[in-house]
Amino acid sequence: MSHSLIRRCSRLVSSCTTGNYRKILQLLPFSSTNLEEHDDPSRPGPPPIRVGITESAGRGVFATRGIGAGDLIHTAKPIVCHPSLSGIHSVCYFCLRKLGSSTCPEASGVSFCSEECKQRSKEFYDVEMKVNWTDFDDYCRTHGLKYPFLVKRLACMVISGDASIDCLDILQPANLTPEMIVKMEEGFALLRNAIANKLITNGNIDFLSKQWYLNVLARIRINAFRVDLVGGLYEDLFSSAVASVEAEAAVGNAVYILPSFYNHDCDPNAHIIWIDTADAKLKALRNVEAGEELRICYIDASMDRDARQELLLRGFGFQCKCNRCLHGD
Ligand SMILES: C[S@@+](CC[C@H](N)C(=O)[O-])C[C@H]1O[C@@H](n2cnc3c(N)ncnc32)[C@H](O)[C@@H]1O
């Protein structure tokens, strides 16, 4: 999606009325053939979905035609992603692919799986390498925080021109409590100081305000996906569903645009999987009729009802009223 389009959508979101929502949905190119997130050459044409307003869960994704169980609905490339700390030396710093033993690390210790990933990272990585991140990284590590690393990468992408300041504004933000804001302010101060100390003369960092940091983090909290690679053996529907539950520790976290519009159900009709990189695949888990809303499961669906309800309320701020929850399952 072009930055100017996202900017137009974001302006509309910030003054959101029902009329504006309609305009946003018209602006979103989800039904156009040049959809950036639908890049599978074996499936020409637009993905069989539209973004619309649901009765009780804000925006959602709806099927525009029947979709068969196991069908690929669309693919999606991350807007921003970052390896998990445990995987930082074992996955590609750009696409999160697992590295072979022959990969040669950069001076900083991170590695790229290919020349292409290295080239695609070049601009933001150059910015990142100019900054001393010791205090910021230590703070995240000791507090067990993963999302500030996504903000750090996004900040470097904005400084280098790889991303626009408002590229996540179209996504729904979390409601931040005063306690959350106080904690986030500490991370902001460390990020801002690290960058300002090095880049004051050669990078435009005027955007890097507390408001920008909170705004981005509030969206990442609700919309970031934990990337679990299931491997090439799991292309088929049912083994990939099992594999994504059994996958090893996450290789990283990523934020996408279109997948962020999928609402949750504890008995979902779609799921999101990652085969060997952070490029996501949305697949139907069962036959879906035209007009039906497509929903994924945000959490481990094998947990009991009370645990699911608590996690969804605490993590995503809503009370799940899906059929499973309503029937006490
Ligand atoms: C990733 S977003 C999904 C898209 C969102 N509806 C929107 O308008 O951008 C997650 C948020 O959607 C809403 N949501 C998702 N699933 C829901 C559900 N089953 N019931 C109620 N709200 C839901 C919650 O506000 C949640 O924090």
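Trainee: What kind of model is it, and how are residues numbered?
Mentor: It is a predicted model, in which local features need pLDDT of at least 70, side-chain atom pairs count only at pLDDT 80 or more, and totals for chains, interfaces and linings use all residues. Residues are numbered from 1 along each chain as its sequence is written.

Trainee: What is the mean pLDDT of the protein chain?
Mentor: The mean is 85, and 80% of the residues reach 70 or more. pLDDT is the predictor's confidence in each residue, from 0 to 100. For the complex, the predictor gives an ipTM of 1.00 and a pTM of 0.86.

Trainee: Where does pLDDT stay under 50?
Mentor: Over residues 1–27, where the model has 33 contacts beyond four places in sequence, and over residues 29–39, with 28 such contacts. A contact means two C-beta atoms, placed from the backbone, within 7 Å. Where pLDDT is low, the predicted coordinates should not be read in detail.

Trainee: How many helices and strands?
Mentor: The protein chain has 10 helices and 10 strands. Both are DSSP runs numbered from the N terminus: H or I of at least four residues for helices, E of at least two for strands. Of contacts between residues at least 6 apart in sequence, 70% join residues at least 24 apart.

Trainee: What order do the strands take in the open sheet?
Mentor: The four strands run 1-2-10-7, with mixed pairing. Strand 1 (49–53) and strand 7 are the edges, each pairing on one side only. Pairing here requires at least two DSSP bridges between the strands.

Trainee: Which pairs are parallel or antiparallel?
Mentor: Strands 1 and 2 are antiparallel over five bridges, with Ile49 opposite Ala63. Strands 2 and 10 are also antiparallel, over two bridges, and Val61 has Leu294 as its bridge partner. Strand 7 pairs with strand 10 (residues 293–296) in the parallel sense over two bridges; there Asn263 is partnered by Arg295.

Trainee: What sits between strands 1 and 2?
Mentor: They form a hairpin with five residues between them, and Gly58 in the turn has a positive phi of about 70 degrees. Ser56 is in that loop too.

Trainee: Why does Ser56 count as exposed?
Mentor: Because Ser56 has 8 C-beta neighbours inside 10 Å. The C-alpha atoms of Ser56 and Lys321 are 9.6 Å apart, though 265 residues separate them along the chain.

Trainee: And how much of the chain is buried?
Mentor: 36% of the 329 residues. The largest nonpolar core has 72 residues, and those with the most contacts inside it include Val151, Leu154 and Val255. Helix 5 (residues 147–160) gives the largest share, nine residues. Such a core is a set of buried Ala, Val, Leu, Ile, Met, Phe, Trp, Tyr and Cys residues joined through C-beta atoms within 7 Å.

Trainee: What does Val255 touch?
Mentor: Its contacts include Pro78, Leu150, Leu168 and Ala224, not counting residues up to four places away in sequence.

Technical notes. Buried ≥ 20, exposed ≤ 12 C-beta atoms within 10 Å, placed from the backbone.
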